[in-house]
Amino acid sequence: MTDGSAGDADYGTIGTGYRNYRRPEPEFEAAIAAQLGDARTLINIGAGAGSYEPRDRIVTAVEPSASMRAQRPDWLAEAVDATAEQLPFDDDSFDAAISTFSVHQWSDLDRGLAEVRRVTRGPVVIMTCDPDLLDRFWLAKYAPEVIATEARRYPTPARIAAGLGGTTAVVPVPIPVNCVDGFGEAYYGRPEALLDPGARRANSAWSFVEPEVAEASVERLRTALDDGSWEAAHGALRTQPHFEGSLVLITSRP
């Protein structure tokens with residue numbers, strides 16, 4: 001990738017304006033913080049534009065994409081240009097580690113997980129999506145190829161837990177109706193948002209389907225919104241406070 005993106009998505013192309021759509025969701029931040037406990041030093045792997053980096057801890061961010069590093073706000077420390085599979089730190093360097101919406105981008109998951117565990121002496125907290133639960137989201141009806149692409153890319157929670165070892169827990173993370181972290185399911189009650197090309201670019205799965213396939217998916221959704229069929233099938237979601245979709249939090253403790 002021209003900008004150093006280490007996974008299968010080229011953030012030099014799709015990452016423009018990413019932080020306008022992918023902002024840290026406070027409810028997710030609270031869930032992560034609860035798992036970190038009193039850890040003071042923290043490594044954020046696949047840190048992107050800086051989401052979910054707590055300001056009350058000492059954070060070292062790792063991000064291989066130059067485009068994403070450039071979008072980090074001024075109040076965050078500069079990210080280290082490195083990948084999960086080859087972390088330039090000594091064993092047990094950090095009290096804890098986090099990775100959010102990142103593990104499906106790693107080129108060698110098992111090696112990356114082993115590296116994360118090597119440099120972390122305490123809990124490792126990973127927020128990701130369970131591929132077996134992606135079809136809970138109504139987008140599967142309108143953009144089946146996009147959901148199928150996501151399902152192929154996301155590793156199962158069981159595989160992640162096995163790679164980290166230790167004592168692991170996998171818990172669902174309910175998604176609030178006004179979620180500000182614009183991954184796909186964040187729009188479960190705001191379907192019009194996915195008509196925005198910028199919102200789709202901030203979800204890398206759209207970049208893996210052919211342009212004509214993506215456009216056909218968008219048109220199916222647009223038609224369903226115009227003719228009222230989306231509303232008839234899913235309209236109650238607009239006022240449903242939370243949606244339990246595919247989002248999970250995986251915590252491993254040594």
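Modeller: Let's start at Asp92, which has a relative accessibility of 43% and so counts as partly exposed. (Buried is under 20% relative accessible area, exposed is over 50%, and partly exposed is in between, using a 1.4 Å probe and protein chains only.) Before going on, a word on the ground rules: this is a predicted model, where local features need pLDDT of at least 70 and side-chain atom pairs count only at pLDDT 80 or more, while totals for chains, interfaces and linings use all residues. Residues are numbered from 1 along each chain as its sequence is written, and side-chain values use heavy atoms, with hydrogens and water left out.

Back to Asp92, then. This residue sits in the loop between helix 4 (66-70) and strand 3. (Helices, H or I with at least four residues, and strands, E with at least two, are DSSP runs numbered from the N terminus.) Its phi is positive, about 55 degrees, although Asp92 is not a glycine. That's worth a second look, because most residues other than glycine have a negative phi.

Ser99 has a relative accessibility of 3%, so Ser99 is buried. Its side chain reaches the backbone oxygen of Ile45 at 3.1 Å. (That's a polar contact: a pair of N or O atoms within 3.5 Å, where, within protein, one must be able to donate a hydrogen and the other to accept it, and residues adjacent in sequence count only if both atoms are side-chain atoms.) Leaving out residues up to four places away in sequence, Ser99 touches Asn44, Ile45, Trp106, Val125, Ile126 and Met127. (Contact means heavy atoms within 4.5 Å.)

Past the strand comes Phe101, in the loop between strand 3 and helix 5. Here again is a positive phi in a residue other than glycine, near 50 degrees. Phe101 is buried, with a relative accessible area of 11%.

Six strands make an open, mixed sheet in the order 2-1-3-4-8-5. (Two strands pair if DSSP finds at least two bridges between them.) Strand 2 (58-62) and strand 5 stand at the edges with a single partner strand each, so one side of each has no neighbour in the sheet. From one strand to the next, the twist averages 20 degrees. (Axes are lines fitted to C-alpha atoms, for helices over the stretch in contact, and angles run from 0 to 180 degrees between N-to-C directions.) Strand 5 pairs with strand 8 in the antiparallel sense over 6 bridges, and Val171 has Leu249 of strand 8 as its bridge partner.

Which helices lie across strand 3? Helix 3 does, along with strand 1, strand 4 and strand 8, and runs at about 15 degrees to strand 8. Helix 5 lies across strand 1, strand 3, strand 4 and strand 8 too, running at about 150 degrees to strand 4.

Take helix 3 (residues 26-36) first: Phe28, Ile32 and Leu36 are its buried residues. They span an arc of only 80 degrees around the axis, which puts them on the same side of helix 3. At the N-terminal end, Glu25 caps helix 3 with a side-chain oxygen 3.1 Å from the backbone nitrogen of Glu27. After the helix comes Gly37, with a positive phi near 60 degrees.

Gly165 follows helix 8, and its phi is positive, near 70 degrees.

Notes: The arc is that of the directions from the helix axis to the C-beta atoms.
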